[in-house]
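Please examine the sequence and the three-dimensional structure shown here. The explanation below is intended to be read alongside them.

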Amino acid sequence: MNAPATQKIRVVVAKPGLDGHDRGAKIIARALRDAGMEVIYTGLHQTPEQIVETVVQEDADAVGLSILSGAHMTLVPRVVELLREQGIDDVLVTVGGTIPADDIPELKELGVAEVFTPGTPTQAIIDFISGSVQEREPR
Amino acid sequence: MAISPQDPRALDDEWRELFEATDERDVPFTTLSGVPIEPLYTETDLPEPGEIGVPGLYPFTRGVYPSMYRGRLWTMRQFAGFGSAEETNRRFRYLLDHGQTGLSTAFDMPSLMGHDSDSPLSLGEVGREGVAVDTLDDMETLFQGIDLGEVSVSMTINAPAAVMLAFYVVAAERQGVPADRLAGTIQADILKEYIAQKEWCFPIDPAMRVMGDMIEWCSTEMPRWHPVSISGYHIREAGATAAQELAFTLKDGLTYVEQAVERGLDVDSFAPRLSFFFNAQIDFFEEIAKYRAARRIWARELRETFGAKDPRSWLMRFHTQTAGVSLTAQQPLNNITRTAIEALAGVLGGTQSLHTNSYDEALALPTEEAVRVALRTQQIIAFETGVANTIDPLGGSYFVEALTDEMERQAYDYFGRIDELGGMVEAVKQNYPQREIADASYELQQEIDSGRRVVVGVNDFTEGDDGQTPILRIGLEVEREQVERLAGVRARRDGAEVEASLAALREAAAREGENLMPYMIACARAWASEGEVIESLQQVFGGFTEQPVF
């Protein structure tokens, strides 16, 4: 990595809702950090409002939402809506967790860039985020 | 040619020479948890005969009962709960009508976190992963038409367990069943919440007090009740190795015993009511060794360290659930095979009860068909395979005995490190077990990502996934209806009585050494909601925010 530290991709890894399944979120946070990104992990039990506030404060390039409680069709639209209300349209939104295949088109329609279901290799997630962020705002 | 008796070590050496002249496959020969495995185990690997023993006698390596499954098979206890109390009550009555004798209740996320269904924090989560219980009214509905003096009820709830138990005791009282007749288990294992499952309400010290109050109260008022199920399941699911699951779970249990003894309870007055809950992962022999080591360690610690005299205090009885994390979203039918092998490990490890996961659980909550296949898997093991014909059929296996010793050694290593940190409560505050688990889970993921560890259908043998598995969906109307029910209770009850009961609870909480159970029961009788009780206690104790480690 030759890029100066100030140009690191900044990613918020967030756990919306009440489920405590943080194994995946922590693995992803660590993998993204090991891949040279600046990772802010929100910790558990975050409301959509808290997550959007973190995205704004941290001036993030991307936010990854990890949900394993089945509440994704309530929580993800809320996060996307709040981002929009804040006038944020350049933050990459991805979702990971137990998301049924049938829900994925609707999430993408809302503006979610990608949905990572169980078994996705961490490298695929790293590649997607670094590729998409660089594409959006060439640095 | 006659075979002459030979020195076992000389024989080992002879074999090793032959073995080393051959080629090995180029794969890591380690357990799922990274324990290196020898190509062969022989009689030189066996422990002292006293360490193995016989079932039903100290140190119980081979099983807690003299007859084990020759006397009675394990209990097939499938965990259920979804939607409203009414819906779950219908499922319970269906199960009882079909011969089930125990009920196992799953609560939804808001109930597990102590939030009412109408809290903004509950949005989208009400009734989704379990049943929503806000007040005594929901608890009564949940068990309507079910004689609580006759069934045994298991409740999987931790941080707000004491509140839920108060609802349950009052619901039974209104049926005419006194607390001392109630049989069942409440999970209430708070240390593992901070370590792994992460459903908490208070900082760790007051949480330990609330739990201690409940155990103490149960020891005199509910002699048939198991006031805690010390759980390794969630620790393992969070990414722990087998040895970490074993060590952290047992250390949690020993910490609860220590606390109760410090409160002045006689160890034999409560230790026989402690029960355990372990995971069954896919590495077959490692799991069996883990259960055998667990029994031996618990018996030794209770007898030698705590001086328990009643042999029932030495017995580690445990429930087992197959590993949710071993299930794959890809080619889900393969999960039936995984679950069968894991369940078999639980049975050969001497479990007292077993839950088998459904093959579609990496996708969503299970469908009825998937649940049936999971139960049938246990029945095939019980009635077709013959494994229940003899007790501990793997006892004396060179490999299993050696691996049992290795598990025990690793557990005591962890005990030593935890003691150096000042005990388990202190270790958890310092994020020690959390960090060990995060490291282990990251290492395993790297092994899988690199292809060094094969997961069939995920990183190898990936063709043949049609993605057409039907899944269960829970509608959003459940949330709306539950919020309406709660509003109805709030409108019907006497507001002044609720406030008085909550104020008395807050005052008691502020006094050290006062047992909070009677105050929570008074809140339940006044129709206070779970969220109101928890928030009242939070005014005294504060809430909890984790400093996450990854």
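This is a predicted model: local features need pLDDT of at least 70, side-chain atom pairs count only at pLDDT 80 or more; totals for chains, interfaces and linings use all residues.

The size of an interface is often given as the accessible area lost when the parts come together. Chain A and chain B bury about 2900 Å² between them, with 56% of that area on carbon and sulfur atoms. On the side of chain A, L18(A), R23(A) and R30(A) lose the most area to chain B, and together they account for 26% of what that side buries. In terms of contacts, 35 residues of chain A meet 40 residues of chain B.

Polar interactions also cross this interface. Between chain A and chain B there are 14 residue pairs in polar contact, both residues being at pLDDT 80 or more, and three salt bridges. A salt bridge joins D103(A) to R473(B), with a distance of 3.1 Å from N to O. Which elements of chain A supply at least two residues each to the side that touches chain B? They are α1 (23-34), β2 (38-41), α3 (72-85) and α5 (122-136). The largest share of that side comes from α1(A), which contributes eight residues.

Over all chains, the structure holds 47 salt bridges. One of them pairs R91(B) with E368(B), whose closest N and O atoms are 3.8 Å apart. This pair connects distant parts of the chain, since R91(B) belongs to helix α3 (residues 85-97) of chain B and E368(B) to helix α15 (residues 368-383) of chain B, 277 residues apart. The two partners can also be described by their accessibility. R91(B) counts as partly exposed because its relative accessibility is 23%, whereas E368(B) has a relative accessible area of 55% and is therefore exposed.

A second pair is formed by E546(B) and K198(B), whose side chains meet in a salt bridge of 3.0 Å, N to O. Elsewhere in chain B, a network of salt bridges links E51(B), R296(B), R300(B), D405(B) and E408(B).

Is S529(B) buried or exposed? Its relative accessible area is 0%, and S529(B) is therefore buried. This residue is found in the loop between α21 (517-525) and α22 of chain B. Beyond its neighbours within four places in sequence, S529(B) is in contact with D116(B), D134(B), T135(B), F167(B), L486(B), R490(B) and R493(B).

V454(B) counts as partly exposed because its relative accessibility is 43%.

How values were computed:
Residues are numbered from 1 along each chain as its sequence is written. Chains are lettered from A and ligands numbered from 1 in the order in which they are written. Side-chain values use heavy atoms; hydrogens and water are left out. Buried means under 20% relative accessible area, exposed over 50%, partly exposed in between (1.4 Å probe, protein chains only). A salt bridge is a side-chain nitrogen of Lys or Arg within 4 Å of a carboxyl oxygen of Asp or Glu. Helices (H or I, at least four residues) and strands (E, at least two) are DSSP runs, numbered from the N terminus. Contact means heavy atoms within 4.5 Å. Buried area is the accessible area (1.4 Å probe) that two parts lose on being put together, summed over both. A polar contact is a pair of N or O atoms within 3.5 Å; within protein, one must be able to donate a hydrogen and the other to accept it, and residues adjacent in sequence count only if both atoms are side-chain atoms.
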